[in-house]
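Good morning, and thank you for coming.

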Amino acid sequence: MRDQADLKAILKKLIADGENEVVEFKQADNFYKSSEIGKYFSALSNEANLQEINSAWLVFGIDDKTRSTIGTDYRPDHKHLMAVKNEVHNGLDPSLTFREIHELTLPEGRVILFEIPSAPAGIPVGWSGHHYGRAGESLTSLGMDKADTIRAQSPAEWSAAPVKAANVSDLDEGAMQRARQIFWEKYSSRFSEAEVHGWSTEDFLRRISLLNGDKLTRAAILLLGREESANLLNPNPAQITWKLDAEEKAYHHYGPPFLLNTSAIYQRIRNLRIRLLPDNELIQQEVEKYDQEIILEAFHNAIAHQDYNQNARILITEFKDSLEIENSGTFYEGAPDEYVEGKVTPRRYRNTVLVKAMAHLGMIDTMGYGIHKMHRLQADRFFPLPDYDISAGNSVKLRIYGKIMDPAYTRLLLQKTGIPLHDILALDRIQKRIPVPDENIVKRLRKTGWIEGRKPNLHVSAEVAKATSSKADYIRTRAQDNAHYEKLLLDYLGTFKKATRSEINDLLLNKLSEALTQAQRKCKISNLLTSLKAQGKIDNQGSRRKPQWVLLNQEN
């Protein structure tokens, strides 16, 4: 936010230069229409782009003929004045907003300075379906020559752009420390811990691709910036919004640093433990509604692939039994289904600098395995697979389920270990009443007895898993209550004081249900460790890469 001295200097220069393509003076009373402000926003923003400047100005309280300050009574209530941002934002395409609305108090009267951002490279700004421009001091339609000039521009990568007003003091100290630790854990074979923590801030940021020359990039502010540094990215909100839409209603906005705040959002989600199948089923399994690794993967993918030129926030909506993660922009290369089986590697990214830094910090991989990983982990938990919705055309929605949809599907995955992912994908589509495009898969699943019915009313067989069950199977596949495994682990730590993950795996893997695959058993152990840590009973005093688990409460 500019101070009064800065605003006085800006106003003095604007008045001295007079109205032009990027400056408009208005007397403006309290009844000045928001629709007129929207037209000027479109015109001034487009002209700022063509003149290659960052901001244009619409100024209320100045007589345009005499260039004298006369003051304005436009929306004297500050809250009412700030509401103009949303009113104008809703009619603009793309969805921009003011860099800021400044109020300046002078002896001659009150002056309002609307600071309007330049149109994004390659995208003319429209208001209510029309594009406006300027002919000298006059408002007019944006000429075809000007529109073509803007559209011919190559859109600059948003995340790579330097933030000229930012410096290292705008970075969050906790996020920086965490970033260094993650970097060392990832590259411990190349650098010592002391070496990584000894680098200057600039040297470290350069190594993780977050400097443009000697300036912080927008990606640096998103990942590592202090909360208030989001203002440096105006008009982009630099925000992730969590919303609870269930019996209770709630919401919370999260800004930078995204490196830390994705975990904070995960902690806010109501992640209760649920029983997979009814009490009268032979095989019992309790899991958390949502797996932390899946959720963070989804959050980080949304950050990495967001189209920040749309100046929209990322939305995370928590429903009663599912999560929806929505980010702006089309699916950048290919379609979601192409990545599910982990056989496609993207050739390019919308936010190359941001993606590269997130890869250095262990937030994502760059080989296209993220979607495959989420589907595989969800299948290992016997849950419905994630769904992507790209029908809107300008956003991507991912839904992650936290409940059982069809008990027959879950029972089949519990009993039949080693089902290929492409078959699980087909079974998942069948439980969701979605057509399976590959008729050969349908024939094979029908032959195995895993599905029944006729198209379009196929369903997962409710009897196949029960038919293969016996008393001996029951003994081998029965899952003990989580308390049983937790006690084994706590007793071990009480005796040996500490344990690596490998030692914990040796302790528990062969004691878990034979109905689980090796990957599912390791996932269950991870959930046990997470649960015990959340209860304050154990803690990791090593690193994420090389954990050393210790007992905190010796009475246990």
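First, the conventions. This is a predicted model, in which local features need pLDDT of at least 70 and side-chain atom pairs count only at pLDDT 80 or more, while totals for chains, interfaces and linings use all residues. Residues are numbered from 1 along each chain as its sequence is written, and side-chain values use heavy atoms, with hydrogens and water left out. Helices (H or I, at least four residues) and strands (E, at least two) are DSSP runs, numbered from the N terminus.

Let us begin with the cavities. A cavity is a set of points, on a 1 Å grid over the protein atoms alone, where a 1.4 Å probe fits but cannot get out; its lining residues have an atom within 4 Å of a point. Grid points are joined across faces, edges and corners, and the volume is the space filled by probe spheres set on the points. How many cavities of 30 Å³ or more does a search of the whole structure find? The search finds three.

The largest cavity has a volume of about 410 Å³. It is lined by 25 residues, of which Asn301, His305, Phe331, Ile371 and Tyr388 are the closest to its centre. Helix H10 provides the largest share of this lining, with five residues.

The second largest cavity has a volume of about 90 Å³. Its lining includes Asp380, Arg381, Gln520 and Cys523. Here the largest share, four residues, comes from helix H21.

Cysteine 523 itself sits in H21, which covers residues 518-534. Is cysteine 523 buried or exposed? With a relative accessible area of 11%, cysteine 523 is buried; buried means under 20% relative accessible area, exposed over 50%, and partly exposed in between, with a 1.4 Å probe and protein chains only. Leaving aside residues up to four places away in sequence, cysteine 523 touches Asp291 and Arg381, where contact means heavy atoms within 4.5 Å.

Asp291 leads us back to H10. This aspartate caps the N-terminal end of H10, with a side-chain oxygen 3.0 Å from the backbone nitrogen of glutamate 293. H10 is largely enclosed by the rest of the structure, because 11 of its 14 residues are buried. Among these buried residues are Glu297, His300 and Asn301.

Next, consider serine 461, in the loop between strand S22 and helix H17. Serine 461 counts as buried, at 4% relative accessibility. Its side chain makes a polar contact with the side chain of glutamate 452, at 3.3 Å. A polar contact is a pair of N or O atoms within 3.5 Å; within protein, one must be able to donate a hydrogen and the other to accept it, and residues adjacent in sequence count only if both atoms are side-chain atoms.

Finally, the backbone. Most residues other than glycine have a negative phi, and most peptide bonds are trans. Aspartate 93 and proline 94, however, are joined by a cis peptide bond, with omega about 0°. Another cis peptide bond joins lysine 455 and proline 456. Glutamate 52, although not a glycine, has a positive phi of about 55°, and at 74% relative accessibility this residue counts as exposed. Lysine 497 also has a positive phi, of about 75°, and is exposed, with a relative accessible area of 54%.

Notes
1 Å grid on protein atoms, 1.4 Å probe; cavity = no way out; pocket = protein on both sides within 12 Å on 5 of 7 lines; lining within 4 Å.
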